Amino acid sequence: MFDIRKLLKSTSIVGVGTIISRATGYMREFLMNAWMGTSAASDAIIVATRIPTLLRKISTEGSLNGVLIPLIDDLEKKHHNHVITSLINKIIVVFSSAFILFFLFETFFPKVSLLLLAPGILEAPDRLHWFLKFIPFTSLCILFFFLSGIFSAMLNYNQKFFLPAISQMFWNITLVAFILIAQYTNVDYSILGPAFLCATIIQASVTFFPYYKLGIGFKINRDQESKEALKTFFRNFFPVMFSASISQINSVIVIILTSFLPEGNTTYLYRAERLLQIPIGLILALSTPLLPTLTRTHDKTDAKQIIRTSLIICACIFIPMSFVFFTSSTPLVNLVFNYGKCQPGDVVAIARLLSIFAFGVPAFLLIRIMPIFFFARKQIDVTTKGAMIHTISSII
């Protein structure tokens, strides 16, 4: 029988951790904005971090959980714990190898990714200069983002939600420390590359130690069951990846288009999106415990009740929040970003974007919540069809 109190408790735990992480994130944004303003270096660090962040969101957030948690639930029901250990370790080896190759490619051929994602920067010498300084460090971040993601997925499956939710706080605090040190020692913006990498390693370490205590181990088996589990994972991973990360297509389009706009526009869009992390973070607070809850719920009536309850909770929170963001965009931008090198024109530009983005919050809510039901039921074809429709409408 569905117990709403258990879901609300798990959501509250993730929500508190997410709010703490978001608060330290705004502290980081506040300091970076005051230090860098809307400069060429600011645009460059956003693009340089967007590439690994985009890969992280496509490969780990949503898609990794959407495939791994239901698969582990099936293996656990069959008492195949040795297969679970082998599967996780094989996934770590395969993805880590791919991300190391990505790091090498970005280090030796950095302009190729710009040609694909932000071609306008190739024609802007200042932004290109800073991008080339940042990208060797930020491209390696994806490896540690992935490791943190898979450790967090296993912790979430085992109902340990708080540490994965708060792990971003350690990332933010590390960057804050680097920025403060740079300001007081007059170090230039190039310190941001090592700072991002160091912060990502610390975040992965924070999730690794409780993951290690789960007793999963590091053994890789070569038996047939382990091979079939890995095949099943990758057979489902790419459709789920496409479905779960479809909203990232808009981010790619934005990066491409804003790279051709005058200096500062990339930063405007990024700052507006950062303010929207408040409602988005709360959506994640609900969706994180929702997947393991639905995966373990084998009664369809209970599953439908969980979805209905989740949507009612979301409607009560996010529709009013969307209205507040639309009507109070300028005060919010003033409160968070109007310091240091930020100019009045910057505030106006960010506030206008924020008021437009506010309309998308309810839609983003549905995009994040509804596919979870189908992931838990392994009905990946439904989410793939929806993702294809979304792709076409996004491009238009």
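A nonpolar patch on the surface is formed by Ile100, Leu101, Leu104, Phe105, Phe108, Phe109, Val112, Leu115 and Leu116, which together have about 910 Å² of accessible area. Patches consist of residues with over 30% relative accessible area and no salt bridge, with nonpolar side chains (Val, Leu, Ile, Met, Phe, Trp, Tyr) joined within 5 Å and like charges within 9 Å; a salt bridge places a side-chain nitrogen of Lys or Arg within 4 Å of a carboxyl oxygen of Asp or Glu. Accessible areas follow the Shrake-Rupley method with a 1.4 Å probe, and for residues only the protein chains shown count as cover. The elements that contribute two or more residues to the nonpolar patch are α4 and α5 (110–117), and α4 gives the most, with five residues. Val112 is located in helix α5 and is partly exposed, at 35% relative accessibility.

The structure is a predicted model, in which local features need pLDDT of at least 70 and side-chain atom pairs count only at pLDDT 80 or more, whereas totals for chains, interfaces and linings use all residues. Residues are numbered from 1 along each chain as its sequence is written, and side-chain values use heavy atoms, with hydrogens and water left out. Helices (H or I, at least four residues) and strands (E, at least two) are DSSP runs numbered from the N terminus. Buried denotes under 20% relative accessible area, exposed over 50%, and partly exposed the range in between (1.4 Å probe, protein chains only).

Rings of Phe, Tyr and Trp (its six-membered ring) pair if their centres lie within 6.5 Å; planes under 30 degrees apart count as stacked, over 60 as edge-to-face and the rest as tilted. Phe95 and Phe146 form a stacked pair, at 5.0 Å centre to centre and 20° between the planes. Phe95 lies in helix α4 (residues 81–108) and Phe146 in helix α6 (residues 125–157), so this pair ties together parts that are 51 residues apart in sequence. Phe95 is buried, with a relative accessible area of 9%, and Phe146 is likewise buried, at 0%. Phe95 also forms a stacked pair with Phe234, at 6.0 Å centre to centre and 15° between the planes. This second pair links helix α4 to helix α9 (residues 224–244), the two residues being 139 apart; Phe234 is partly exposed, at 22% relative accessibility. Ring pairs join Phe95, Phe99, Phe146, Phe233 and Phe234 into a cluster.

Thr200, in helix α8 (residues 192–212), is buried, with a relative accessible area of 1%.
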